[in-house]
Amino acid sequence: KKLLSLTQVMRSTEHFGSATRSKVHAMCNIQYSIRNNKSIYNLSLSLLFDRNMASEKKKHVVIIVLGDIGRSPRMNYHALSILQHGHRVSLIGYRGEDILPQLKAYESTLLESILFSPYSPPKMLRRYFLPLYYILRLFGLTFGLCHALAKVQQRCSSPDTILVQNPPTLPLLFISYIFCIYQGIIFQKRPKLVIDWHNLGFTMFGRPKSVITKMAKLFEKHMAPLANGHLCVSESMAQWLVTNFGIKQETISVLYDRPPEFFQPTSVEAMHHLMNKLQTTIVEKCPRLEPQTQKPNKTILTEIVTSNGKSDIVQRKDRPILIVSSTSWTPDEDFSILLNALVALQKNINNEGNNGGTTYPHILVIVTGKGPEKEMYENMILHLNLKHITILTMWLETCDYPKLLGCADLGISLHVSTSGLDLPMKVLDMFGCEVPVCAYNFGCLGELVKDGENGRVFSSEVELAQQLRHLLLSDGKRSQDDNKIMGDLEKFRNNIRGMTSWKENWIEYAHDMILCTDTRDAGQHSSFMQIKIQ
């Protein structure tokens, strides 16, 4: 007889998922006897399993963003992680910027994008009849979201999980909750509702004592505990939700933002290609930089050198210091702090130059992003008298943004949380590219930026100017090996290296929250073998 050991039985179920293994009912009766010094094994095995036993059941997750889906990187990363595990995703959001290029590879198989443009009331109403504006806006969002969910119902299988980004809270949480109840009644299968807390929705209304803000907070407080699970971007936010919204601690998982694998230091070849691509835009915005790029084998940061008949791309020894900042150009990010700090830095350079001091390299500041106040700040930049500093505003393709960050010597974050409980994703992007940051201080920033360890924290334009002078000018010598600025920036880079990636972090803190829809998945697996020895 062919013998089957217990080890083989266990191995035969290793490829099953945890949910499937918990459904296996096995009974092994092993009879062992010794007859004439011969071992006789009699193994009887009975396996009872459902039709999904042969492989892990694939789930269907609906991800909802009531905003431009292309400008919500965290939800894009969620979608990518779920797809990489072989599950189906329906992505609902506004039309706008492109989703991650990595997601597009799944569009013909596992990814369904349902995009819409919600009704937007006339801006005049927002200025003169704010309550009416909010009512019309609410109806427009409700109609658009319900129509998108109806398309999910028509095109795809019944969802297992609804993952929503909060904020906005209205009407997202209510519509999503009602949709889950509807699915449970019609299909006898109620999806799990998971809220990904990027911030507190009611704080987005600005005035904390206004009637609208109080009503929004009350609504959010009553809807939040109805969800099955909660993901938070910081420990401070998780504790706040437990204390103020009465959410159970066991339903919360803190999923810190982490950079995905494609945020990494940029190679000199990729740097050369990117600068060639951006060269026309750079020269158009700042003609005085053109002399640095007149030769065809040179860019602002790189050049092609030939030695012994062999050509190599290297970083220029006279390359400018590159500072990168990303902003949404909204009132909650006071960009004038950076502008005033750069003006103060220019004065320091002028004073030291007049006193016969050191000649410093040029400083190039590239600011990426779109938003309502961009034009206002661009006009302010035009009137600044900065001889040694150039400020450029750009909007980059999704694939080029990580490459630009990987070229930078320093990053700047002006993010200020409306709640004081969320952390700036842009800082994580910079850390992924091993770029230290100077970040504006607020509530829970210390969970991410450790002042003097992986960056600097400032509270005013004066502090930022002092930090820039110390990091870039006093310690501004570049190493001979990789042309990186040494001093404190080198120490910060060393402390940033080795940070947990998004993929690892997501598997540990979000996988079960989103994909384990069976209550038995998260609990203890019952013993599936009974062994009797005679």
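Me: Which residue in β4 stands opposite Val61?

Reply: Val89 does. Bear in mind as we go that this is a predicted model.

Me: What makes β3 and β4 count as paired strands?

Reply: Two strands pair if there are at least two bridges between them. β3 and strand β4 (residues 88-94) are joined by 6 bridges, so by the rule of at least two bridges they pair. The two strands run parallel.

Me: And what is the order of strands in the sheet?

Reply: The sheet is open and has 7 strands, in the order β5-β4-β3-β6-β7-β8-β9, with parallel pairing. From one strand to the next, the twist averages 20 degrees.

Me: Why are β5 and β9 called edge strands?

Reply: Each of them, β5 (111-116) and β9 (252-254), pairs on one side only.

Me: Now the helix. How do you know that the span of α7 is close to the expected one?

Reply: The expected span is 1.5 Å times one less than the number of residues. Helix α7 (residues 172-187) has 16 residues, which gives an expected 22 Å, and the helix reaches 22 Å from its first C-alpha to its last.

Me: What covers the buried residues of α7?

Reply: The cover includes β3 (60-68), α6 (130-155), β6 (161-166), β7 (192-197) and α8 (211-223). Among the buried residues of α7 are Leu172, Ile175, Tyr177, Phe179 and Cys180.

Me: Why is Pro121 called buried?

Reply: The cut-off for buried is under 20% relative accessible area. Pro121 has 4%, so it is buried. Pro121 sits in the loop between β5 and α5 (123-128). Leaving aside residues up to four places away in sequence, Pro121 touches Tyr133, Leu136 and Arg137.

Me: One last thing: how many cavities of 30 Å³ or more are there?

Reply: The count comes to 1 cavity. The largest cavity holds about 30 Å³ of space, and its lining includes Met271, Gln315, Arg319, Cys407 and Asp409.

Terms used
Residues numbered from 1 in each chain as written. Predicted model: local features only at pLDDT ≥ 70, side-chain atom pairs only at ≥ 80, totals over all residues. Heavy atoms only, no water. Helix = DSSP H or I, 4+ residues; strand = E, 2+ residues; numbered from the N terminus. Buried < 20%, exposed > 50% of the residue type's maximum accessible area, 1.4 Å probe, protein only. Contact = heavy atoms within 4.5 Å. Axes fitted to C-alpha atoms, helices over the stretch in contact; angles between N-to-C directions. 1 Å grid on protein atoms, 1.4 Å probe; cavity = no way out; pocket = protein on both sides within 12 Å on 5 of 7 lines; lining within 4 Å. Points joined across faces, edges and corners; volume = space filled by probe spheres on them.
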